[in-house]
Amino acid sequence: MNLIDLGWNQDFADKLARLEIKERFKIARVAVEYKGMHKIYTEGGEALAEITGKLRYNNQFPAVGDWVVIDLLNNGERAIIHEILPRKSKFSRKVAGGDIKEQVVAANIDTVFIVTSLNQDFNLRRLERYLTIAWNSGAKPVIVLSKADLSEESESKKAEVETVAAGVPVHIVSSVTGRGLDELKQYLNRGETTALLGSSGVGKSTIINQLMGSKKMEVKEIRVSDGRGRHTTTHRELILLETGGVCR
Ligand SMILES: Nc1nc2c(ncn2[C@@H]2O[C@H](COP(=O)(O)OP(=O)(O)OP(=O)(O)O)[C@@H](O)[C@H]2O)c(=O)[nH]1
Ligand SMILES: [Mg+2]
C-alpha cells in the first residue's frame with residue numbers, strides 16, 4: 001500500500017513535521033472503528049491498533065479517515081496510536097449526555113458527493129440539509145443527481161438545484177445509461193479522499209461500483225445526522241472512497 005493512494009498529501013506531511021515523534025513511528029490511516037480498536041492501513045498493510053492512555057485521557061479518539069502516528073508491534077499486525085494529525089475536514093454527529101458532545105464519524109474528506117435521486121424521491125429541502133452538512137464539514141460538495149433515466153425533468157430539476165446551491169457543481173447521472181459518470185472522475189484525484197452522502201436507495205453503492213470498475217476496494221458506510229435531532233426517519237450515510245484506487 002502506498003500512502004498517497006490512501007490520500008496522503010503535502011498538507012498532512014506539513015502537519016506531521018510539526019509534531020515531535022520517535023524515529024521508529026510510522027503513519028497510518030484509520031479504516032474502520034471497532035469498540036476500542038481501529039483497523040488501520042499502513043504502507044506495510046493492515047493492522048489492528050489501540051490508542052495510548054494519554055489520548056484516551058484527553059478524550060482524543062481517532063475516526064475513520066484520520067491520519068495517525070503509530071508504533072507497530074508484533075511483526076506489524078498490532079499497533080499503538082500515539083497521535084492524531086489535525087483534521088482537514090470532519091463529519092460528526094451530536095452525542096446526547098456524557099462528556100463527549102460530538103462524535104466524529106469521518107475525517108479528512110476532500111470532496112463529498114451529495115447524491116439525490118431524480119425520481120419521485122427528489123426533495124430540494126433535504127438536499128439543502130445535506131449541503132449544510134457538507135459546508136459544515138470543510139469538504140467540498142459536489143451534487144450528484146442520480147437515476148436520470150427515471151425522470152423526464154432532469155434539466156429543470158438541475159436548474160432548481162442550482163438556485164439553492166450557488167457555486168456548487170451539479171451533475172446529472174444514471175447508472176443505467178452511464179450518463180454523467182465520467183464527469184465524476186474529475187473529482188477523484190490521487191492524494192485526495194472522496195465520500196458519498198445521501199439517503200438510502202439513491203444509488204450510492206451503484207455509483208461506486210461503476211466508478212471503481214473491476215477494482216475491488218473496501219468502502220466504508222457510516223451514519224451521520226444532520227443536526228435536526230436523532231429521530232429523523234431518513235437514513236444517511238457516508239461512504240469513503242480511497243480515490244487513488246479509483247482513478248488509476
Ligand atoms: N433506474 C435506476 N436505478 C438505479 C440507478 N442507480 C441505482 N439504481 C437502483 O436503485 C437501488 C438502490 O441503489 P443502491 O446503489 O443500493 O443505493 P444506495 O444509495 O447505496 O442505498 P443504501 O445502501 O441503502 O443507502 C438499486 O435497486 C439499484 O439498482 C439508476 O441510475 N437508475
Ligand atoms: Mg449502499
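Student: How do strand E1 and strand E2 pair, and over how many bridges?
Tutor: Strand E1 (residues 26-34) and strand E2 (residues 37-42) are antiparallel, with five bridges. Strands here are DSSP runs of E with at least two residues, and helices are runs of H or I with at least four, numbered from the N terminus. Two strands pair if DSSP finds at least two bridges between them.

Student: What kind of model is this?
Tutor: This is a predicted model, where local features need pLDDT of at least 70 and side-chain atom pairs count only at pLDDT 80 or more, while totals for chains, interfaces and linings use all residues. Residues are numbered from 1 along each chain as its sequence is written, chains are lettered from A and ligands numbered from 1 in the order written, and side-chain values use heavy atoms, leaving out hydrogens and water.

Student: Back to E2. Which residue stands opposite His38?
Tutor: Glu33 does.

Student: What do the five strands close into?
Tutor: A barrel, in the order E1-E2-E3-E5-E4, with mixed pairing. Neighbouring strands of this sheet are turned by 50° against each other on average, direction ignored. That angle is taken between axes, which are lines fitted to C-alpha atoms.

Student: Where does the parallel part come in, E3 with which strand?
Tutor: Strand E3 (residues 45-51) runs parallel to strand E5 (residues 78-84), joined by four bridges. Ile51 has Ile81 in E5 as its bridge partner.

Student: And E4 with E5, parallel or antiparallel?
Tutor: Antiparallel, over six bridges, with E4 covering residues 67-73. Leu72 sits opposite Ala79 in E5. Their hairpin has four residues between the strands, and Asn74 takes a positive phi near 45° there.

Student: New topic. How many residues surround ligand 1?
Tutor: 15, and the closest are Asp149, Ser175, Ser200, Gly201 and Thr206. A residue counts if one of its heavy atoms lies within 4 Å. Helix H6 (residues 204-212) gives the most to this shell, three residues.

Student: Which side chains make polar contacts with an oxygen atom of ligand 1?
Tutor: Lys204 has a side-chain N or O atom 2.8 Å from a ligand 1 oxygen. Ser205 also places a polar side-chain atom 2.8 Å from an oxygen of ligand 1. A polar contact here is a pair of N or O atoms within 3.5 Å.

Methods
A polar contact is a pair of N or O atoms within 3.5 Å; within protein, one must be able to donate a hydrogen and the other to accept it, and residues adjacent in sequence count only if both atoms are side-chain atoms. Axes are lines fitted to C-alpha atoms, for helices over the stretch in contact, and angles run from 0 to 180 degrees between N-to-C directions.
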